[in-house]
Amino acid sequence: MKNHNTIVNTENCLFYGLPGIVILAVSLMASTRIGADFGGDTFVKTVSFLGCNGLLWLLYLVLCQYLLADLLAICLPKKKTATVGVLEAKPEAGMTLSETVAEQPTTPTPVLSQEQYQSYCADFERQKQEAREELATSVLGYVNRKMAPFTTEENLAQLCNEVRAWCDNPLHSPKAIRLKPVSNPKDRLRTVDFKHFVWNIGARLGFENGYSVQVQAGFIKRLFPNELADIELTSLARSLTSEPDKGHIKLDKPLHTDNYIFHS
């Protein structure tokens, strides 16, 4: 409250005090000059002083209150118009001013046509299908390259069909595949080969896409039930990446999550 009174007193001094001193000085000089013309008559000096003082005050108030306000209105029309626009935007009952402003008309968002929408969706599905086909082609090439020495041509074709179906569905249950007999035990696939074989494929199909180590273990055990009959499913799942440099089929880790290339 004290600060407010101080500000009001300061404004009064600036508005009335300083102009009052100037008006008083001018009135004294004018009354002295007029009184001298009449031989220094006191009555003439008093009347001229009061008349001059009142006239100057009248001119000052008219100038400040009317002419100055009109001048500001002419110089700042945009600011005044903006202020009036804000005042006219009165919120409705129960609404805040910010809500009222939010309801002002805005530029409408472009709406896709039905043809454009369907085209974008089709492009997205086409790109997904092309990526799946590229991955499946790479996987089947790896299957043929790695398993051809250990299966007959007919069984290899069946193996590729089962792996292709697994690429489309991680929960696919395959039919068992027979390996061709070998005369040299060193040429036979061992458990570590099957581990590496299924992990190399599953890692590229994507663990996040449902090809977890449990799913991989279940698939390879059903695919080669005779060769993996002596190992439990849980133990198989835990050891898919063991002994990476042993066996005919080595562990082949992809360089990137989207890298379909097999390095061996």
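Tutor: Before we start, a pocket here is an open set of grid points with protein on both sides within 12 Å along at least five of seven lines. Keep in mind that this is a predicted model.

Student: Okay! What volume does the largest pocket have?

Tutor: The largest pocket has a volume of about 430 Å³.

Student: And which residues are the closest to its centre?

Tutor: They are Leu135, Arg204, Leu205, Gly206 and Asn209, out of 22 residues that line the largest pocket.

Student: Which helices each supply at least two residues of that lining?

Tutor: H5, H6 and helix H7 (191-205) do. By class, the lining of the largest pocket is made up of 12 nonpolar, 4 polar and 6 charged residues.

Student: You mentioned Arg204. Where does its charged end sit?

Tutor: The charged end of Arg204 is over the ring of Phe262, 4.1 Å from the ring's centre.

Student: Let's switch to rings, then. How many aromatic pairs does the structure hold?

Tutor: There are 6 aromatic pairs. One of them joins Tyr142 and Phe262, and this pair is stacked, at 4.1 Å centre to centre with 15° between the planes.

Student: Where in the chain are those two?

Tutor: Tyr142 belongs to helix H5 (residues 114-147), while Phe262 is in the segment after helix H9 (233-238). They are 120 residues apart, so you can say that the pair links distant parts of the chain.

Student: Are they buried or exposed?

Tutor: Both Tyr142 and Phe262 are buried. Ring pairs also bring in Phe197, giving a cluster of Tyr142, Phe197 and Phe262.

Student: Nice. Why does the pair of Trp166 and Phe219 count as stacked?

Tutor: Because their planes are at 5°, and planes under 30 degrees apart count as stacked. The ring centres of Trp166 and Phe219 are 4.1 Å apart.

Student: Which helices does that pair link?

Tutor: Trp166 is in helix H6 (residues 153-168) and Phe219 is in helix H8 (residues 213-223), 53 residues apart.

Student: And why is Trp166 called buried?

Tutor: Trp166 is buried because its relative accessible area is 0%, and buried means under 20%. Phe219 is buried too, with a relative accessible area of 2%.

Student: What else is buried in H8?

Tutor: Besides Phe219, the buried residues of H8 are Val215, Gln216, Ala217, Gly218, Ile220 and Leu223.

Student: What do the buried residues of H8 pack against?

Tutor: They pack against H6, H7 and H9.

Conventions:
Residues numbered from 1 in each chain as written. Predicted model: local features only at pLDDT ≥ 70, side-chain atom pairs only at ≥ 80, totals over all residues. Heavy atoms only, no water. Phe/Tyr/Trp six-rings, centres within 6.5 Å; stacked < 30°, edge-to-face > 60°. Helix = DSSP H or I, 4+ residues; strand = E, 2+ residues; numbered from the N terminus. Buried < 20%, exposed > 50% of the residue type's maximum accessible area, 1.4 Å probe, protein only. Lys NZ or Arg CZ within 6 Å of the ring centre and 35° of its normal. 1 Å grid on protein atoms, 1.4 Å probe; cavity = no way out; pocket = protein on both sides within 12 Å on 5 of 7 lines; lining within 4 Å. Points joined across faces, edges and corners; volume = space filled by probe spheres on them. Nonpolar A, V, L, I, M, F, W, Y, C, P; charged D, E, K, R; others polar. Contact = heavy atoms within 4.5 Å.
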